[in-house]
Structures are given as structure tokens and as C-alpha cells.
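Please walk through the fold described here, one part at a time. The sequence and the structure come before the text.

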Amino acid sequence: MFSVKKFIFPVLLFLISQQISAQNRIPLNRHFFEIADLDTEPAIYTRLQNKSETEETVVYIFDQKNRKVSQTKIGLNAEDNFNEELTENFDSAGNHISTNLLNLDNSKYLTEYFDKGQKKAQVLYRGDNTYEIWRNNPESAYTTDHDDFKPSTDRDELNQFLAKNLKYPQTARNVKAEGTVMVGVLVSELGEVREVELANEVQVHRDLGKEAVRVIKLFKGPFKPALNLEGQPIEAWIYIPIRFKLS
């Protein structure tokens, strides 16, 4: 399907952070979406974006202490001829913890997880809700209908619930507002909902966001918790996209 390659970025992150002005830093919330009002919501992360020498888009995300959280390269995979998004993630000590290679042409992806420089797990999404996952060694591989490194819920149940309960706010209809609302749900290690909140406030009409959050708060799931590298349940966020489109 595709292969993972290592990419060397030609500009040191330290120099980038020094040379790019504060105006080019986009403040982000804890869900990595832009912040609507810094007076009411402090920035948790900042995003920098530029073009590489080969005209590929490169995106860096830093935390409040200017430590690199992730770096993403978006461009053409010349070897296999598909458009890709390659993201490398890091912990607060700068250790490489995961790499995700997304095929932008068909949404298939490969995620690799690392611990102390060693590959410890892998998720391969082949499409059609088919995921091949292994932890500790490839011989432990199994196939499932969801990426269990993330929380999940029954898609059919959720879609049926949304169809019955979601309403298009008249205020949004009046101004012909459309868009996809991203609702963040914090799922505990027991599968319980801890928090529900609008993740992408800047990108959507206010009342679309309110309606999406209202309905998701009514949805009882059930939710399955995310699993860590050892296969143990942990608390984590799931992001539910809800599309509003006028007919």
C-alpha cells in the first residue's frame, strides 16, 4: 500500500522558532485546533507552517515551553506515487513516540509506536473498517473493526442516534451556515464519559457547535476505552465529526 520513509528536515527547529515571528505562530487549544479568543482560552500549543525546499508543506507544533510536540510533512510520495501526510510525535523529553503515515488519496494509514527508540506496536488501516494491530511483536497481530489505541463507539448506533436527535439550528439556516463540527469526548479507562466539548470553535458557526455538543452529551454510547502499548485501558479523547449541510 505504501512504505514509511525517514525524512530529514533541512532547517533546525531552534532556528525556525527564532526566525519566524510571533505573528506566524497560530495558537491552538488542547485539541490542536485554533483558538477563538485568547482572552477567554489560553493557548496550549502553537503551530508553525512553511514550505520546504521541495515545495512540500511542513507543519510544526510546539507546547508552551517551546518543546516540539509534532512535525508533519505533506506532499507527494514519489516512490509509490500518492499524496501523503507524514507526522512524527514526541514526548516532553523530545523522545520519538509515534509516526503516522496517512495516504491522503484513500485515507488508509500506518501508525508505528516507539518506546526508548524501539518499535513496540503498529496499526495498519486497510480501509473498509479493517485494522491490523500488533503489540510487542508482529506475531501478536490481530484484525479488528477499530483502532484500539483510540477510544471508540458503535458507528451505526451513533449515526442512528444523530439522525433521530440532531436538529439544524434556525439561526444557522438563516445565514446558510454549514460545516463539520468536531466534538471532543474524554473517555475514561472504564469507558465512562468524563468531558464533552467543542474542539474546533473557530471553524464553525456558534449554534452548530452548540447543537452538536448538546446531542453528543445525550448519547450514552457505550464507549470503549483506548488501550496503551501494553494493551491496558487508559483515559483518552475521541473526536466525533458531525457534518451540517443544507439541502
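**A hairpin and its neighbours**

β12 and β13 make a hairpin with five residues between them, and Gly191 in the turn has a positive phi of about 85°. Helices (H or I, at least four residues) and strands (E, at least two) are DSSP runs, numbered from the N terminus. This is a predicted model, in which local features need pLDDT of at least 70 and side-chain atom pairs count only at pLDDT 80 or more, while totals for chains, interfaces and linings use all residues. Residues are numbered from 1 along each chain as its sequence is written, and side-chain values use heavy atoms, with hydrogens and water left out.

β12 and β13 (residues 193–198) run antiparallel and are joined by five bridges; two strands count as paired if DSSP finds at least two bridges between them. Within this pairing, Val187 has Val193 of β13 as its bridge partner. β12 also runs antiparallel to β17, with nine bridges joining the two. In β17, the residue opposite Val187 is Ala236. Strands of a sheet pair through backbone hydrogen bonds, either parallel or antiparallel.

How enclosed is β12 by the rest of the structure? Seven of its nine residues are buried, so β12 is largely enclosed. Buried here means under 20% relative accessible area, exposed means over 50%, and partly exposed lies in between (1.4 Å probe, protein chains only).

The next topic is the nonpolar core, defined as a set of buried Ala, Val, Leu, Ile, Met, Phe, Trp, Tyr and Cys residues joined through side-chain atoms within 4.5 Å. The largest one has 23 residues, and those with the most contacts inside it are Val183, Val185, Ile216 and Ile242. At least two residues of this core come from each of α2 (155–165), β12 (179–187), α4 (206–218) and β17 (236–244). The largest share, five residues, is supplied by α4. Ile216 shows how these parts meet: leaving aside neighbours within four places in sequence, Ile216 is in contact (heavy atoms within 4.5 Å) with Leu158, Leu162, Val183, Val185, Val196, Ile240 and Ile242. Another core, of 10 residues, lies apart from the largest one and has Leu102, Tyr109, Phe149 and Leu229 among its members. In soluble globular proteins, nonpolar side chains tend to be buried together.

With 38% relative accessibility, Glu178 counts as partly exposed. Apart from neighbours within four places in sequence, Glu178 is in contact with Tyr168, Leu208, Phe244, Lys245 and Leu246. The Glu178 side chain reaches the backbone nitrogen of Leu246 at 2.9 Å. The C-alpha atoms of Glu178 and Leu48 are separated by 27 Å, and the two residues are 130 apart along the chain.

Elsewhere, 10 strands form an open sheet with antiparallel pairing, in the order β1-β2-β3-β4-β5-β6-β7-β8-β9-β10. Its edge strands, β1 (26–28) and β10 (142–144), each pair on one side only. Inside the sheet, β8 (residues 118–127) and β9 (residues 130–135) pair in the antiparallel sense over six bridges. The bridge partner of Val123 in β9 is Ile133.

The structure holds 13 salt bridges, each a side-chain nitrogen of Lys or Arg within 4 Å of a carboxyl oxygen of Asp or Glu. One of them joins the side chains of Arg30 and Glu197 (2.9 Å, N to O). Arg30 lies in the loop between β1 and β2 (45–51) and Glu197 in strand β13, so the pair ties together parts that are 167 residues apart in sequence. Arg30 is partly exposed at 36% relative accessibility, and Glu197 is partly exposed at 23%. Salt bridges that share partners join Arg30, Glu195 and Glu197 into one network.

A salt bridge also links the side chains of Lys73 and Glu56 (3.0 Å, N to O). Because Lys73 lies in strand β4 (residues 68–77) and Glu56 in the loop between β2 and β3 (57–63), this pair ties together parts that are 17 residues apart in sequence. Lys73 is buried, with a relative accessible area of 4%, and Glu56 counts as buried at 17%.

Notes. Polar contact = N/O pair within 3.5 Å; in protein donor to acceptor, adjacent residues only side chain to side chain.
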